Amino acid sequence: RIWTFLVVFMDNRNEYTENIYDVKVFSKNLQEPRFSDFPLDENGDCPYVQELDGKWKFRWFDSTLDADFSFIDPGFDVDDWDTIDVPSNWEIKGYGKPVYTNVRYPDAFRTKKIPGIHEDRNPCGVYKRKFAVPDAFAGRKCLVRFEGVQSSMTLWINGRFAGYSQDSMTHAEIDITGFLEKGENDMAVFVTKYCTGSWLEDQDMWRLSGIHRSVRLIYENPVGIRDVFIKTDLSGGFKTGVMETAISLYGHFNGSVELNVYEDSEDNVQVFAHNYEVDGDRLIAESRLPDIKSWTAETPDLYIADIVLRDQDNSFIDRRRIEFGFTRIEIKEGLFLVNGQPVKLNGINRHEFHPLHGFAVPADITEQDILLCKQNNINAIRTSHYPNSVHFYDLCSRYGIYVIDECNLETHG
């Protein structure tokens with residue numbers, strides 16, 4: 001009987017970890033990438049987001065070979081587990097050791113079998129928590145958004161596999177609507193320090209692990225707005241703003257889109273308003289706004305696009321508010337031009353890292369960094385070497401910082 005149990009256990013363990021070590025698997029059940037803004041109600045408030053940051057139950061293992069996957073069971077007793085802050089890196093909290101390398105890959109990498117990882121050198125952690133869906137959100141689709149997990153993440157909802165991701169520095173969104181139950185729900189997340197994707201994340205930095213950015217549940221109208229992309233330019237002597245708005249919807253929709261644009265100021269002056277009829281799953285609209293204020297690092301003037309979706313009966317469906325600026329970036333005759341004017345970049349490289357918080361840098365500390373840059377005539381930041389948290393970009397827009405934004409890719413293989 002004991003021997004039979006061990007065979008079954010080992011087979012299950014391979015099933016749970018196979019994605020981590022399979023070079024052909026990058027993600028499972030993830031939503032397509034999109035904007036980061038949240039759905040609003042008709043009054044412009046944001047009641048449809050449930051924050052999951054805070055204390056989670058946590059257990060750390062020295063390697064994936066040591067992991068006990070009994071935790072997947074929603075009834076598994078975790079009372080004697082530790083608690084850990086989300087977001088955070090587990091090495092900062094005393095679990096395992098931080099690793100620093102640059103060109104040389106960490107010892108866990110199987111350099112003679114690329115892109116292999118030594119399973120016995122791959123620490124891992126399990127995060128668990130309960131949550132309940134508010135009755136007011138019945139009928140809305142529910143997506144869980146992990147804004148950053150280092151390096152791979154496997155998710156179970158109520159004991160059922162829900163999704164897998166291994167991009168450490170960008171959002172992972174999973175539709176968990178079909179996994180939810182009335183009342184209390186169980187969320188379990190299995191995180192590893194390394195995975196096959198880590199071969200492409202060989203940045204010159206500390207190697208830290210865990211859920212290092214925020215986790216949220218987002219409740220969306222199943223026929224509402226899925227994505228918004230606003231592209232701007234300037235014409236007419238850099239006085240007229242050109243605004244291309246692309247709106248993607250969840251499936252075929254028949255109704256209207258109200259697009260209103262306001263100055264992001266105390267006066268909240270409206271500068272544009274138009275209603276567009278929609279019969280499909282996408283709207284692309286170009287607008288021209290005369291006498292606008294252009295965005296530069298010296299004059300970071302911003303606008304707000306207020307987008308409201310209504311059905312054929314004029315009933316409210318969805319609403320979003322997007323902050324943006326009008327600017328034109330060019331390189332001509334060896335000069336970097338912003339809105340037609342030559343600009344010299346006084347820039348820095350910045351890791352999203354703090355000695356006390358690791359990669360989980362609080363927004364107020366990021367704001368202090370940006371204010372320090374402005375005070376010292378620094379007008380540009382390179383996000384070496386990966387996308388940063390959303391609040392970083394919002395702060396740069398607000399205070400006036402040019403951003404050289406890098407993707408999450410660096411390899412020395």
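This passage walks through the overall build of one protein chain and then through some of its residues.

The structure is a predicted model, in which local features need pLDDT of at least 70, side-chain atom pairs count only at pLDDT 80 or more, and totals for chains, interfaces and linings use all residues. Residues are numbered from 1 along each chain as its sequence is written, and side-chain values use heavy atoms, with hydrogens and water left out.

The protein chain holds three helices and 28 strands; helices (H or I, at least four residues) and strands (E, at least two) are DSSP runs, numbered from the N terminus. Its radius of gyration is 24 Å, close to the 22 Å that the globule rule gives for 413 residues, so the chain is as compact as a globular protein of that length. Here the radius is taken over C-alpha atoms, and the globule rule is 2.2 Å times the number of residues to the power 0.38. Taken along the principal axes, the box filled by the C-alpha atoms is roughly 80 × 55 × 35 Å.

Of the 413 residues in the protein chain, 51% are buried. Buried means under 20% relative accessible area, exposed means over 50%, and partly exposed lies in between (1.4 Å probe, protein chains only). The accessible surface of the chain comes to about 19900 Å², and 49% of this surface belongs to carbon and sulfur atoms. Such areas come from the Shrake-Rupley method with a 1.4 Å probe, and for residues only the protein chains shown count as cover. Among contacts with a separation of 6 or more, 74% are between residues 24 or more positions apart, where contact means heavy atoms within 4.5 Å. As for charge, there are 44 positive and 66 negative side chains, and the centres of the two sets lie 5 Å apart. In this count Lys and Arg are positive and Asp and Glu negative, while His and the chain ends are not counted; each charge is placed at NZ of Lys, CZ of Arg, CG of Asp or CD of Glu.

Leaving aside neighbours within four places in sequence, Val 144 is in contact with Leu 155, Ala 172, Glu 173, Ile 174, Ile 176, Met 187, Val 215, Arg 216 and Leu 217. Cys 142 is also placed in strand 9 and is buried, with a relative accessible area of 1%. With neighbours within four places again set aside, the contacts of Cys 142 include Ile 174, Ile 176, Leu 180 and Leu 217. Cys 142 and Leu 180 are 38 residues apart in sequence, and their C-alpha atoms are 8.7 Å apart in space.

Helix 3 (residues 390–399) has Phe 392, Leu 395 and Cys 396 as its buried residues. They cover an arc of only 100° around the axis, which puts them on the same side of helix 3; the arc is that of the directions from the helix axis to the C-beta atoms. An α-helix has 3.6 residues a turn, so residues three or four places apart point the same way. The cover over the buried residues of helix 3 includes helix 2 (363–375), strand 27 (380–382) and strand 28 (402–404). Just after helix 3, Gly 400 takes a positive phi of about 95°.

The backbone holds a few further points of interest. Most residues other than glycine have a negative phi, and most peptide bonds are trans. The peptide bond from Val 86 to Pro 87 is cis, with omega near 5°, and Pro 87 sits in the loop between strand 4 (82–86) and strand 5 (99–101). Ile 114 and Pro 115 are also joined by a cis peptide bond, with omega about 0°; Pro 115 is found in the loop between strand 6 (109–110) and strand 7 (116–117).

Phe 238, although not a glycine, has a positive phi of about 65°. This residue lies in the loop between strand 18 (225–235) and strand 19 (240–263) and counts as partly exposed, at 28% relative accessibility. Asp 291 is not a glycine either, and has a positive phi of about 55°. Its place is the loop between strand 20 (270–289) and strand 21 (303–311), where Asp 291 is exposed, with a relative accessible area of 70%.
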